[in-house]
Amino acid sequence: MSDTRRRVKLYTLNEDRQWEDRGTGHVSCSYEDTEKETSLTVTAESDGSLLLESKINTSTAYQKQQDTLIVWSEAENYDLALSFQEKAGCDEIWEKICQVQGKDPSVEITQDPIDESEEERFDDMPETAQLVELPPCEPERLEEIAELVTSVLSSPIRREKLALALVGTGYIRKLLQLFHTCEDSEHREGLHHLYEILRGVLFLNKATLFEVLFSDDCIMDVVGCLEYDPALLQPKRHRDFLTKTAKFKEVIPITDSELRQKIHQTYRVQYIQDIILPTPSVFEENFLSTLSSFIFFNKVEIVSMLQEDEKFLTEVFAQLTDEATEDDKRRELVNFFKEFCAFSQTLQPQNRDAFFKTLANLGILPALEIVMGMDDLQVKAAATDIFSYLVEFSPSMVREFVMQEPQQADDDVLLINVVIKQMICDSDPELGGAVQLMGLLRTLIDPENMLAPASKAEKSEFLSFFYKYCMHVLTAPLLANTGEEDQDSTDSSEGAARGNPVCPDNFQTAQLLALILELLTFCVEHHTYHIKNYIMTKDLLRRVLTLMNSKHTFLALCALRFLRRIIGLKDEYYNRYIMKGNLFEPVIHALLDNGTRYNLLNSAIIELFEFIKVEDIRSLIAHIVDHFYQALESIEYVQTFKGLKGRYEQEKERQSRGLSRYRRDARSFEEDEDMWLNDEEEEEESDTGKSDYGKFMENEKAKESQDKENQPKRSTTSSFKFTFSHSAAAANANASNGSKPPPSSSSSSSKPAAPPPGQTARTGLVDYPDDEDEEEEEEEEEEDEEQSPRKRPRLGS
């Protein structure tokens with residue numbers, strides 16, 4: 001019994017005037033003969049360590065609040081509080097503190113805090129002069145009372161004296177009785193003075209006053225006084241709201257009357273702080289710190305009392321998941337849990353852990369899965385808030401739950417898929433809910449919170465689960481809006497090259513696609529194998545880049561950012577995929593269509609090519625110069641493209657001097673890529689064709705006949721057969737052998753492009769060995785083809 005009675009939580013007040021929990025333990029009061037002093041000691045419940053050892057000084061002001069709190073200051077800006085589990089324990093320690101200081105235990109403050117500047121002055125005064133004399137509580141003296149209360153706010157000692165006088169004489173209740181008299185007689189001036197008086201009493205910042213002001217019989221009268229702000233033409237009707245509009249609903253009957261009273265009190269005090277009282281000025285910001293503490297400790301007590309009532313929570317969950325529960329009832333239950341989780345944020349970390357584990361054991365996640373799939377917008381919004389608390393508390397707990405689901409559920413009802421569908425179907429024009437859900441999804445798939453020692457398997461297992469069961473749901477709107485059918489009907493040659501704009505004009509749809517792209521870009525940055533395999537298998541980058549045609553610039557920028565993150569990885573697998581699919585084409589067209597306008601789109605595209613130049617990504621440099629330089633050479637307001645051409649020429653010159661040491665590496669790279677893609681189905685590629693760039697390439701057509709003798713001959717498979725010895729060229733040629741190319745959304749643009757007219761395959765890439773080396777390379781390739789009949793003929797790009 002003694003252990004329970006002396007069980008406490010230790011709190012300290014931080015710089016932001018918020019109480020921080022320092023742990024749970026047991027308090028004792030010990031006397032040291034050698035030191036001739038008595039100390040308060042708190043020993044940690046978990047490991048027996050010492051949480052607090054505080055000497056009881058005779059000059060320290062201790063306060064007892066709310067029957068279970070003892071609060072004091074040990075130094076400037078260092079406040080301490082002990083929150084007792086039982087009132088009896090608090091009374092016992094309070095008596096010992098009063099005994100040491102020689103005070104009467106019946107009082108709730110042992111000393112009158114006096115700041116140093118006023119201490120000497122008050123020591124010299126006679127004892128009777130230190131008492132605050134209150135005017136009679138009469139209507140004609142209200143102005144005098146208001147001036148008195150307002151005048152003491154600048155002096156800590158005078159605030160203390162006035163607070164003691166107000167409590168000791170029962171003055172607060174006399175003022176509230178006078179309020180009824182003034183209101184009944186419509187004495188507006190008196191009501192204005194009462195507003196000033198009650199506001200000033202609150203600013204005295206004393207817990208002993210709050211216990212009177214916020215008691216059941218006084219709090220509504222306090223609210224009434226605060227309605228008559230002199231600055232308002234008409235009084236506010238706060239009491240009507242609290243009594244008529246803000247109805248207290250017991251989703252499950254609360255049998256504990258003390259708990260019910262505490263809930264009512266906390267709501268009303270929070271309303272006074274947030275709604276009624278004006279925002280405090282810089283000089284008043286600390287006047288309500290004790291009010292914040294009052295609310296804080298109330299919430300801690302409410303959560304603790306509810307959490308300990310297992311029968312109550314079990315009944316709530318049973319009704320929440322019962323199919324027979326009416327919609328209105330279920331809505332109330334979800335809203336209750338939302339507030340319950342919000343209150344839990346006041347708990348200390350270990351207690352908050354126990355709180356959420358209790359909810360998990362009771363089945364909060366399966367319950368959320370049900371309610372988030374309902375049509376009621378209020379229910380879904382509240383369920384989303386609860387889900388956010390759970391994800392913030394423990395992403396691993398949520399991941400563990402969803403990975404167990406496929407054994408007993410279809411893909412459509414998996415919790416993560418329910419979340420994704422709610423994000424996709426958000427009816428808010430600004431997609432506020434979708435943005436919140438996208439942030440939660442990003443937290444769940446973030447490897448950074450999967451790095452605990454025991455979670456190595458969690459990372460690989462969860463990502464495999466996500467890409468297998470959930471990624472297709474996330475990308476469905478993106479694929480639906482960039483589908484092959486959107487690009488079939490083109491008449492002009494330019495249209496055939498570019499495809500029709502496929503993004504709907506609907507602004508909300510564009511916003512949704514931008515959110516999805518943001519999440520996919522996050523995946524590119526933080527996932528490796530899984531997202532790479534998904535992009536190449538689904539030909540996802542091609543589909544994304546069709547959005548460069550969108551009339552919504554923010555969406556085009558999202559598509560460009562996706563490409564930029566991929567190129568930023570400097571991964572040669574990605575680079576070869578981009579070159580084979582000719583995926584720079586929509587970016588080039590967006591740059592040229594933008595014309596001379598200096599805007600964010602222009603800058604972002606220029607930055608992309610500047611990055612390629614600065615990082616010297618040789619395969620991409622060669623591809624861009626070979627295929628697009630004719631269209632880009634007229635852009636002279638930046639030196640980016642001339643710089644690319646310069647890098648290209650430097651590499652060409654270097655290679656022409658016989659520096660071809662990369663050939664063997666190229667073959668190793670080809671083998672690696674074939675192994676990485678060996679699970680894809682083989683598919684014959686059609687004839688490669690020259691990409692059409694409209695008017696930018698028309699000048700090249702005249703050169704075609706002159707260079708026919710340099711063009712590669714057609715093989716028996718009707719595909720172009722090129723022979724290269726440079727590393728990227730060889731890799732590009734062999735990567736397709738034995739592997740399936742990414743599916744195409746447009747037959748015209750999916751084919752690997754032949755070198756532009758007027759250039760041979762020899763000038764397409766960066767390695768230019770001597771003729772003997774070329775012949776040797778060609779013989780080796782022919783041998784490989786004979787020995788590997790499954791490989792397709794090599795394709796140039």
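Arg 237 is exposed, at 62% relative accessibility; exposed means over 50% relative accessible area, buried under 20% and partly exposed in between, with a 1.4 Å probe and protein chains only. Its salt-bridge partner is Asp 240, and the closest N and O atoms are 2.6 Å apart. A salt bridge here is a side-chain nitrogen of Lys or Arg within 4 Å of a carboxyl oxygen of Asp or Glu. Asp 240 is partly exposed, with a relative accessible area of 24%. This is a predicted model, in which local features need pLDDT of at least 70 and side-chain atom pairs count only at pLDDT 80 or more, while totals for chains, interfaces and linings use all residues. Residues are numbered from 1 along each chain as its sequence is written, and side-chain values use heavy atoms, with hydrogens and water left out.

Side chains of opposite charge can pair when their charged atoms come close. The whole structure holds 31 salt bridges. One of them joins Arg 260 to Glu 250, at 3.3 Å from N to O. Arg 260 lies in helix α11 (residues 257-276) and Glu 250 in the loop between α10 (238-245) and α11, so this bridge ties together parts 10 residues apart in sequence. Helices are DSSP runs of H or I with at least four residues, strands are runs of E with at least two, and both are numbered from the N terminus. Arg 260 is partly exposed at 24% relative accessibility. Glu 250 is partly exposed too, at 32%.

Further along, Asp 616 meets Arg 618 in a salt bridge of 3.4 Å, N to O. Asp 616 is partly exposed at 28% relative accessibility. Arg 618 is partly exposed at 31%. The pair belongs to a salt-bridge network that links Asp 616, Arg 618, Arg 647, Glu 651 and Arg 654.

Now turn to the rings. Aromatic pairs are rings of Phe, Tyr and Trp (its six-membered ring) with centres within 6.5 Å; planes under 30 degrees apart count as stacked, over 60 as edge-to-face and the rest as tilted. The count comes to 26 aromatic pairs. Phe 584 and Phe 609 make a tilted pair, 5.8 Å centre to centre with 35° between the planes. This pair links distant parts of the chain, 25 residues apart: Phe 584 is in the loop between α28 (572-580) and α29 (585-594), and Phe 609 is in helix α30 (residues 600-614). Both Phe 584 and Phe 609 are buried. Elsewhere, one aromatic cluster is formed by Phe 312, Phe 317, Phe 336, Phe 337, Phe 340, Phe 355, Phe 356 and Phe 393.

Charges also meet rings. A charge sits over a ring if NZ of Lys or CZ of Arg is within 6 Å of the ring centre and within 35 degrees of the ring normal. The charged end of Arg 399 sits over the ring of Phe 462, 5.8 Å from its centre. Arg 564 places its charged end over the ring of Phe 611, 4.0 Å from the centre.

Next come the strands, which pair if DSSP finds at least two bridges between them. Strand β2 (residues 19-32) runs antiparallel to β3, joined by eight bridges. In this pairing, Ser 30 has Ser 39 of β3 as its bridge partner. Strand β3 (residues 37-44) also pairs with strand β4 (residues 50-55), antiparallel over five bridges. Val 42 has Leu 52 in β4 as its bridge partner. β3 and β4 form a hairpin with five residues between them, and Gly 48 in the turn has a positive phi of about 80°. β3 is mostly covered, with seven of its eight residues buried.

Finally, look at helix α20 (residues 432-444). Its 13 residues reach 19 Å from first C-alpha to last, close to the expected 18 Å; the expected span is 1.5 Å times one less than the number of residues. The buried residues of α20 are Ala 434, Leu 437, Met 438, Leu 440, Leu 441 and Leu 444. Seen down the axis, these buried residues fall within an arc of 160°, so they line one face of α20. The arc is that of the directions from the helix axis to the C-beta atoms. An α-helix has 3.6 residues a turn, so residues three or four places apart point the same way.
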